[in-house]
Every structure is written in C-alpha cells, then in structure tokens.
Amino acid sequence: MKDYTYFVVQSWMVTDLKLSGNDLIVYAIIYGFSQDGESRFTGSLQYLADWCNATKAGIQKNLKNLLEAGLIEKYESFKNNIKFCEYSCTPYNKVAHPMQ
C-alpha cells in the first residue's frame, strides 16, 4: 500500500448488504475498482491482506463468502500457465433489488 491511498465504504454496503469486518473491506476495495461496470479488481491476495491486516488464507475465505452471497463475480485466465483472477462487484441494483 502506498501512503495516502484509500477506499470508500458506502452506507448501503452496511445497511443493505449487511457486510462487516473484512468482508466489508474486501467488498469496498473491489467495488472501488469495478464500480464503472467495465473494470475489474486485478490486485493480489496480498494487497487485500495488507488492507485488512489479515492473511492470504483469510482473504480467500472473505472472497469465498462474497462469491457465495452473489456480491462479487470471479474471472479466471491463464498466461504462461499461471492462473490470474479478477473480481468485479455484482451491480448493486441486482443485489439489493433482485427480480422476483
């Protein structure tokens, strides 16, 4: 992390999505990178772990929680036989107001 970098927790992330702790931090970071609906978070597990003061294994659990809740989407690709993962947030209107 660089000095003077930040992420934003928006009130609906807590009130509507009921997120807290590291799930909230991870979601807010991914949202910050993907809120335009076209971009994705391409950072490392270590980047998220640094922000959360957590381990990479703990971050993997947070990502799993968010994926299972349908709050984020995961995209995998391979380059030179190395797996890369990217994440984006499910559009808020689909999460907060799913079609009945």
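This is a predicted model: local features need pLDDT of at least 70, side-chain atom pairs count only at pLDDT 80 or more; totals for chains, interfaces and linings use all residues.
Student: How is a pair of aromatic rings described?

Tutor: A pair of aromatic rings is described by the distance of the centres and the angle of the planes. The structure holds seven aromatic pairs. Take tryptophan 12 and tyrosine 27: the ring centres are 6.2 Å apart and the planes stand at 90°, so this pair is edge-to-face.

Student: Where in the chain do tryptophan 12 and tyrosine 27 lie?

Tutor: Tryptophan 12 belongs to helix H1 (residues 11-15) and tyrosine 27 to helix H2 (residues 21-34). They are 15 residues apart, and the pair thus links distant parts of the chain.

Student: Are tryptophan 12 and tyrosine 27 buried or exposed?

Tutor: The cut-off for a buried residue is under 20% relative accessible area. Tryptophan 12 counts as buried because its relative accessibility is 13%. Tyrosine 27 has a relative accessible area of 0%, so it is buried.

Student: With which residue does tyrosine 27 form a stacked pair?

Tutor: The partner is tyrosine 31, at 6.3 Å centre to centre and with 20° between the planes. Tyrosine 27 and tyrosine 31 are four residues apart in helix H2, so about one helical turn separates them. Tyrosine 31 also counts as buried, because its relative accessibility is 16%.

Student: How does the span of H2 relate to the expected value?

Tutor: The expected span rests on 1.5 Å a residue. H2 has 14 residues and reaches 20 Å from its first C-alpha to its last, close to the expected 20 Å.

Student: How many residues of H2 are buried, and against which elements do they pack?

Tutor: Of the 14 residues of H2, 10 are buried, so the helix is largely enclosed by the rest of the structure. Among these buried residues are Asp23, Leu24, Val26, Ile30 and Ser34. The buried residues of H2 pack against H1, H3, H4, S1 and S2.

Student: Which residues have the most contacts inside the largest nonpolar core?

Tutor: That core has 24 residues, and those with the most contacts inside it are Val26, Tyr27, Ile30, Leu63 and Ile72. At least two of its residues come from each of H1, H2, helix H3 (45-52), helix H4 (56-68) and S2. H2 gives the most to this core, with eight residues.

Student: What is isoleucine 30 in contact with, leaving aside its neighbours within four places in sequence?

Tutor: Isoleucine 30 is in contact with Phe41, Leu63, Ile72, Tyr87, Ser88 and Cys89.

Student: In what sense do strands S1 and S2 pair?

Tutor: In a regular strand the side chains alternate between the two faces of the sheet. In this model, strand S1 (residues 72-79) and strand S2 (residues 82-89) pair in the antiparallel sense, over eight bridges. Tyrosine 75 stands opposite glutamate 86 in S2. The two strands S1 and S2 form a hairpin with two residues between them.

Student: Which charged residues lie over the face of a ring?

Tutor: Arginine 40 lies over the face of tyrosine 75, at 3.3 Å from the ring centre. Lysine 79 lies over the face of phenylalanine 84, at 5.6 Å from the ring centre.

Student: Which residues in the loops have a positive phi?

Tutor: Asparagine 80, in the turn of the hairpin, has a positive phi of about 55°. Asparagine 81 has a phi near 60°, a positive value in a residue other than glycine, and is found in the loop between S1 and S2. Asparagine 81 counts as exposed because its relative accessibility is 80%. Asparagine 53, although not a glycine, has a positive phi of about 55°. The place of asparagine 53 is in the loop between H3 and H4, and with a relative accessible area of 74% this residue is exposed.

Student: Where is glycine 70 found, and what separates it from asparagine 53?

Tutor: Glycine 70 is found in the loop between H4 and S1. With a relative accessible area of 32%, glycine 70 is partly exposed. Glycine 70 and asparagine 53 are 17 residues apart along the chain, and their C-alpha atoms are separated by 24 Å.

Key
Residues are numbered from 1 along each chain as its sequence is written. Side-chain values use heavy atoms; hydrogens and water are left out. Two strands pair if DSSP finds at least two bridges between them. Rings of Phe, Tyr and Trp (its six-membered ring) pair if their centres lie within 6.5 Å; planes under 30 degrees apart count as stacked, over 60 as edge-to-face and the rest as tilted. Buried means under 20% relative accessible area, exposed over 50%, partly exposed in between (1.4 Å probe, protein chains only). A charge sits over a ring if NZ of Lys or CZ of Arg is within 6 Å of the ring centre and within 35 degrees of the ring normal. A nonpolar core is a set of buried Ala, Val, Leu, Ile, Met, Phe, Trp, Tyr and Cys residues joined through side-chain atoms within 4.5 Å. Contact means heavy atoms within 4.5 Å. The expected span of a helix is 1.5 Å times one less than its number of residues.
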